[in-house]
Amino acid sequence: MSRGNSTSSSLTPTDDALIAAIRNGDERALSHLYRLHWPMVSHFVLQNSGSEDDAQDVYQEGVVVFYEKVRDGSLELSCQIKTYLYAVCRRLWLKRLTSKSRFGVRLLDDEEHGPYLNTGAEEDLLAAEEQDRRFSTMSEALNHLGEPCRSLLEGFYLLDKSMQDLTIEFGYTNADNAKNQKYKCLVRLKKLFFAHYKEEPI
């Protein structure tokens, strides 16, 4: 199994080249990847009660998961990219169908992509979903934080403003006072975050 810059022997030369190019920020490689495996996912969703729009939504989410794993160096592959994407998109579509149905859902799979359960995609997708949930909870906590804390933390952490700039903007007497206020705001934000965030299975 591979991690970071190494690749598994199961990968094709094209897969190796695509991963390297995406890691280096080549947008053409991402576009090529998108076009390359779109028919596979489109066919799968359409034969499992989905529409063309459903297929596009699911495929875009799957490609984003793959892209982010490549870019942050945490991608593990024991299969070809197309099998990995198939597994991610299958999981995403199954989750959508299950949320809409009161009954069990059984998917029709292409024989070519049968061993989807052994790709590691399930774990990657669960991790991505968990991260999204954390970001959503943090955003909600920020909304409940109120002013001036929200603007102070956003200014420092998101807008890269200096403490000196924030001191002037918020009318503090000096930078030390601004730092103290930022610390108090962080403590409040953490309390709000953990009050809203509950460890629940996805």
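User: Hi! Which handedness does the link of cysteine 149 and cysteine 185 have?

Analyst: Hello! The link of cysteine 149 and cysteine 185 is left-handed, with -75° about the S-S bond. Cysteine 149 sits in helix 6 and cysteine 185 in helix 8 (residues 175-196), so the pair ties together parts that are 36 residues apart in sequence. Helices here are DSSP runs of H or I with at least four residues, numbered from the N terminus.

User: What should I know about the model itself?

Analyst: This is a predicted model, where local features need pLDDT of at least 70 and side-chain atom pairs count only at pLDDT 80 or more, while totals for chains, interfaces and linings use all residues. Residues are numbered from 1 along each chain as its sequence is written, and side-chain values use heavy atoms, leaving out hydrogens and water.

User: Thanks. How many disulfides does the structure hold?

Analyst: It holds one disulfide, and the sulfur atoms of cysteine 149 and cysteine 185 are 2.1 Å apart. The cut-off for a disulfide is a pair of cysteine sulfur atoms within 2.5 Å.

User: Is cysteine 149 buried or exposed? And cysteine 185, buried or exposed?

Analyst: Cysteine 149 is buried, at a relative accessible area of 2%, and cysteine 185 counts as buried at 0%. Buried means under 20% relative accessible area, exposed means over 50%, and partly exposed is in between (1.4 Å probe, protein chains only).

User: What about cysteine 79 and cysteine 89?

Analyst: Cysteine 79 is buried, with a relative accessible area of 10%. Cysteine 89 is buried too, with 1% relative accessibility.

User: New topic: the backbone. Which peptide bond is cis?

Analyst: The bond from glutamate 147 to proline 148 is cis, with omega near 5°. Proline 148 is in the loop between helix 5 (121-145) and helix 6.

User: And what is the phi of serine 49?

Analyst: Serine 49 has a positive phi of about 70°, although it is not a glycine. Most residues other than glycine have a negative phi, and most peptide bonds are trans. Serine 49 lies in the loop between helix 2 (27-46) and helix 3 (52-71), and serine 49 counts as exposed at 68% relative accessibility.

User: Last one: where is tyrosine 157?

Analyst: Tyrosine 157 is in helix 6 (residues 149-158). With a relative accessible area of 42%, tyrosine 157 is partly exposed.

Technical notes: Helices (H or I, at least four residues) and strands (E, at least two) are DSSP runs, numbered from the N terminus.
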